[in-house]
Amino acid sequence: MEPLSWLEILARAAQQLLPVWVALVVTFALSIRFKRKLGLYGKLFDSRVGMIGFAIVMFWLFTALFADFIATHDPLAQVSRMRNVVPGTPLPRPDDLYPYYLFGGDSLARDVFSRMVMGAREVLRIAPFAAMISFMIGISLGLPAGYFSGKLDTGLTFLANLVLAFPVILLFFLLVAPEIRDTAIPVTMAGILFLVPILFVTVLLNSRFHTQPAKRNLYVGVVLAVGAWAYAGLVFDADPLGLWSMSPNLLNVFVAVVFVNAPTVFRIVRGITLDIKTRDYVAAAQTRGEGPWYIMLWEILPNARGPLIVDFCLRIGYTTILLGTLGFFGLGVSPESPDWGSTINAGRRLLTVYPHPALVPAIALMSLVLGLNLLADGLREESLKD
């Protein structure tokens with residue numbers, strides 16, 4: 001077989017991504033159709049910048065979801081005579097495999113296209129959930145610090161500043177170093193950090209339904225049961241079904257990302273709370289006799305959603321860059337992992353001769369972060385109109 005031209009390569013890659021295109025069309029069609037009923041998310045489709053960012057982010061999200069159907073080869077498989085081949089090179093013996101390496105081969109004769117696709121799953125498996133846990137921790141500590149002030153605020157702010165005083169990359173290197181990974185420190189930190197989201201959701205529901213004991217007990221019971229199940233699996237690897245589990249390397253990276261991001265979220269939430277707690281509707285809730293946690297979670301927090309949603313999107317992009325940096329330096333996930341940082345690191349050694357193994361994941365990483373930044377800009381633009 002003859003090598004493919006660039007137009008043929010792009011056409012075949014687009015064909016492999018067909019499930020993504022279908023999912024994007026359906027998502028946009030339904031979202032635009034019902035955008036007036038979807039709150040801030042619906043208003044996003046009134047912003048051109050926000051729509052472009054949302055499209056890029058959802059492209060990679062759907063790519064990660066459908067990666068098993070999109071990838072043309074096993075991302076770890078090595079095919080003889082395909083080492084560092086240029087994009088569009090046919091396999092010497094296709095057999096029942098896909099007959100081409102669409103984006104070429106890397107230095108270990110692995111398919112760059114398949115590693116890019118599976119790398120999206122590796123990145124999006126960590127970044128959004130780490131950002132979400134970071135936000136829950138930051139909100140859980142930032143709300144009472146700003147609302148009650150005093151010694152509680154002073155103590156929590158001091159601890160946050162202590163963490164933020166370390167250079168971020170240096171702190172990451174310390175947390176994911178093999179010497180630290182082999183100790184009980186990562187599991188201990190995971191045990192503390194993963195406990196906060198369970199307590200956060202429990203207090204959220206209890207404060208909302210404290211006047212309806214039947215609903216409160218049901219909701220809180222479900223949260224505690226699912227939370228205990230997830231906690232046992234993630235922290236102690238004791239989930240019998242295997243639904244909640246992380247490898248030691250992945251857990252270490254996850255804990256490091258959460259630990260580094262939470263203090264920044266804390267400072268943002270604290271600052272917003274200090275401003276909002278002086279508003280009239282907070283005074284009205286206090287006059288009605290509402291408890292402090294109800295006021296913080298159901299009066300202050302909803303009115304801070306605009307800046308927090310924007311920061312959440314930016315933080316996912318920031319976390320994605322950090323994960324790529326860790327992978328580039330060979331820390332965190334296993335070296336053979338197809339995550340984009342590790343792939344860029346592996347390809348940089350021959351960058352001047354064979355640029356495609358490093359260039360493809362670099363463009364993927366750049367586009368995802370760009371999409372998140374554009375999405376944040378769109379959300380900021382629409383949240384200011386509320």
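Analyst: Start at Thr273, which is in contact with Gly142, Leu143, Gly146, Tyr147 and Ile300, leaving aside its neighbours within four places in sequence. Contact here means heavy atoms within 4.5 Å. The model is predicted, so local features need pLDDT of at least 70 and side-chain atom pairs count only at pLDDT 80 or more, while totals for chains, interfaces and linings use all residues. Residues are numbered from 1 along each chain as its sequence is written, and side-chain values use heavy atoms, with hydrogens and water left out.

Thr273 belongs to helix α14, which covers residues 248–276. Helices (H or I, at least four residues) and strands (E, at least two) are DSSP runs, numbered from the N terminus. Thr273 has a relative accessible area of 1%, so it is buried. The cut-offs are these: buried is under 20% relative accessible area, exposed is over 50%, and partly exposed is in between, with a 1.4 Å probe and protein chains only.

Next, the helix that packs on α14. Two packed helices are described by the angle between their axes and the distance between the axes. Helix α9 (residues 168–176) packs against α14 at an angle of about 145°, and the two axes are 9 Å apart. The axes are lines fitted to C-alpha atoms, for helices over the stretch in contact, and the angle runs from 0 to 180 degrees between N-to-C directions.

Which residues of α9 and α14 meet? From α9 come Val168, Leu171, Phe172, Leu175 and Val176, and from α14 come Asn252, Val253, Ala256, Val257, Phe259 and Val260. Of the residues in this contact, 10 are nonpolar, one is polar and none is charged. In this count Ala, Val, Leu, Ile, Met, Phe, Trp, Tyr, Cys and Pro are nonpolar, Asp, Glu, Lys and Arg are charged, and the others, Gly among them, are polar. As a general point, an α-helix has 3.6 residues a turn, so residues three or four places apart point the same way.

The largest nonpolar core has 80 residues, and Trp60, Phe103, Met116, Phe194 and Trp340 have the most contacts inside it. α14 gives the most to this core, with 10 residues. A nonpolar core is a set of buried Ala, Val, Leu, Ile, Met, Phe, Trp, Tyr and Cys residues joined through side-chain atoms within 4.5 Å. Apart from this core lies another, of 20 residues, among them Ile139, Tyr147, Ala285 and Leu297. Tyr147 is also one of the contacts of Thr273.

Not counting residues up to four places away in sequence, Trp340 touches Trp60, Arg115, Met116, Gly119, Ala120, Val123, Pro361, Ala364, Leu365 and Leu368. Trp340 is one of the buried residues of helix α18, along with Gly341, Ser342, Thr343, Ile344, Asn345 and Gly347. Why is α18 described as largely enclosed by the rest of the structure? Because seven of its nine residues (340–348) are buried.

Charged pairs complete the picture. Side chains of opposite charge can pair when their charged atoms come close. A search of the whole structure finds 11 salt bridges, each being a side-chain nitrogen of Lys or Arg within 4 Å of a carboxyl oxygen of Asp or Glu. One of them joins Asp275 to Arg279, with the closest N and O atoms 2.8 Å apart. Asp275 has a relative accessible area of 41% and is therefore partly exposed, and Arg279, at 35%, also counts as partly exposed.

Another salt bridge joins Asp68 and Arg121, with the closest N and O atoms 3.3 Å apart. This pair links distant parts of the chain, 53 residues apart: Asp68 in helix α5 (residues 67–70) and Arg121 in helix α6 (residues 112–124). Asp68 is exposed because its relative accessible area is 55%, whereas Arg121, at 24%, counts as partly exposed. In the salt bridge of Asp106 with Arg110, the closest N and O atoms are 2.9 Å apart, and both residues are buried.
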